[in-house]
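Please look through the sequence and the structure shown here before reading on.

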Amino acid sequence: MVDTAGRRHDDDDDDDDEDDDCRLPSSPPPPAPPNHYNNDNGRNTSVISAKAFSFRELADAAGNFRQANFLGEGGFGRVYKARLRIAGEDDLPVAIKQLDRNGFQGNNEFMVEVLMLSMLHHPNLVSLIGYCAEGDQRLLVYEYMALGSLEDHLLLLRDDDDHDNDDSQQQHGPLPWRTRMKIALGAARGLEYLHENTVIYRDLKSSNILLDQDYNPKLSDFGLAKLLPAPRTDSSSSSSSSSSSSSNKVMGTYGYCAPEYLRTGKLSAKSDVYSFGVLLLELITGRRAIDASRPDGEQSLVGW
């Protein structure tokens with residue numbers, strides 16, 4: 001379920017035991033050729049292609065996770081800027097996410113993230129460079145996105161009178177309309193690619209859309225992503241749809257979840273499309289999906 005702080009929880013306390021037993025290799029096997037597929041719908045199911053790093057390597061690259069390298073914090077944990085030598089390149093800038101052991105996400109979401117981003121590659125999906133699964137340490141290494149998240153920039157679109165003289169507003173100004181539509185289009189293309197590969201994102205929101213130096217958007221944070229079941233060919237499934245699945249766990253972020261998904265637990269591509277509609281409203285209005293600082297009747301963007 002979702003809470004008013006915008007984070008997600010399970011509706012019940014039962015986790016998938018088989019997921020808990022999964023372990024990522026400390027050193028992944030060689031990746032399969034780029035065009036290697038072994039399932040019916042064309043999804044790349046090659047082995048994990050991300051590089052396995054030691055905790056010491058990543059700690060050194062991030063300056064032992066000192067505050068000067070801190071970029072932000074989300075449901076997974078804290079994010080740090082670092083520099084790594086990768087594929088012969090010195091000091092390649094990267095972003096390292098370190099799992100918060102007391103946070104809402106855990107080992108299951110970590111494994112889903114690594115596996116999803118090893119299978120899926122698109123210009124509007126963030127690239128996973130590597131990971132660390134050493135002992136109880138769980139870290140993810142991504143390409144560095146210079147302009148941070150879309151949420152950071154939406155804060156500059158606030159039209160409240162008491163923000164008119166804010167220094168950051170004057171320095172950066174609101175995002176131009178063309179830039180906002182560029183971000184919307186890129187996010188839509190990334191989402192379409194996921195749906196074409198029968199993946200439901202489940203957590204589309206402004207804080208999960210990262211921007212490069214040219215404001216090109218990339219979807220990030222795939223810990224809640226879910227593969228839809230493969231189409232069934234037996235006659236008993238003729239009345240069922242392969243584009244949806246049911247679950248007793250409703251997961252997502254408050255303000256973005258489709259009401260029918262919250263009500264029934266039935267997940268489909270339409271659930272993501274609803275979240276995309278909320279994102280469009282955010283881009284158009286400059287308001288957050290949920291903003292407790294606004295007057296009654298305006299705190300929920302969709303309701304308003």
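The sections below describe aromatic pairs, charges over rings and salt bridges.

## Basis of the report

The structure is a predicted model.

## Aromatic pairs

A pair of aromatic rings is described by the distance of the centres and the angle of the planes. The structure holds 5 aromatic pairs. In one of them, the ring centres of Tyr 201 and Phe 222 are 5.1 Å apart and the planes stand at 40 degrees, so this pair is tilted.

## Charges over rings

Two contacts between a charged side chain and a ring are described here. Lys 51 lies over the face of Phe 53, at 5.3 Å from the ring centre. The ring of Trp 304 has the charged end of Arg 287 over it, 3.7 Å from the ring centre.

## Salt bridges

Side chains of opposite charge can pair when their charged atoms come close. A search of the whole structure finds 7 salt bridges. Among them is the bridge between Lys 218 and Glu 143, in which the closest N and O atoms are 3.1 Å apart. Lys 218 lies in strand E9 and Glu 143 in strand E6 (residues 139–143), so the bridge ties together parts that are 75 residues apart in sequence. Lys 218 counts as buried because its relative accessibility is 14%, and the cut-off for buried is under 20%.

Lys 205 and Asp 203 form another salt bridge, with 3.9 Å between the closest N and O atoms. Lys 205 is buried, with a relative accessible area of 5%. Asp 203 is likewise buried, with a relative accessible area of 2%.

## Arginine 287

Arg 287, whose charged end sits over the ring of Trp 304, also meets Glu 298 in a salt bridge (3.1 Å, N to O). Both residues lie in the segment after helix H8 (269–285), so the pair ties together parts that are 11 residues apart in sequence.

Technical notes:
Residues numbered from 1 in each chain as written. Predicted model: local features only at pLDDT ≥ 70, side-chain atom pairs only at ≥ 80, totals over all residues. Heavy atoms only, no water. Phe/Tyr/Trp six-rings, centres within 6.5 Å; stacked < 30°, edge-to-face > 60°. Lys NZ or Arg CZ within 6 Å of the ring centre and 35° of its normal. Salt bridge = Lys/Arg side-chain N within 4 Å of Asp/Glu carboxyl O. Helix = DSSP H or I, 4+ residues; strand = E, 2+ residues; numbered from the N terminus. Buried < 20%, exposed > 50% of the residue type's maximum accessible area, 1.4 Å probe, protein only.
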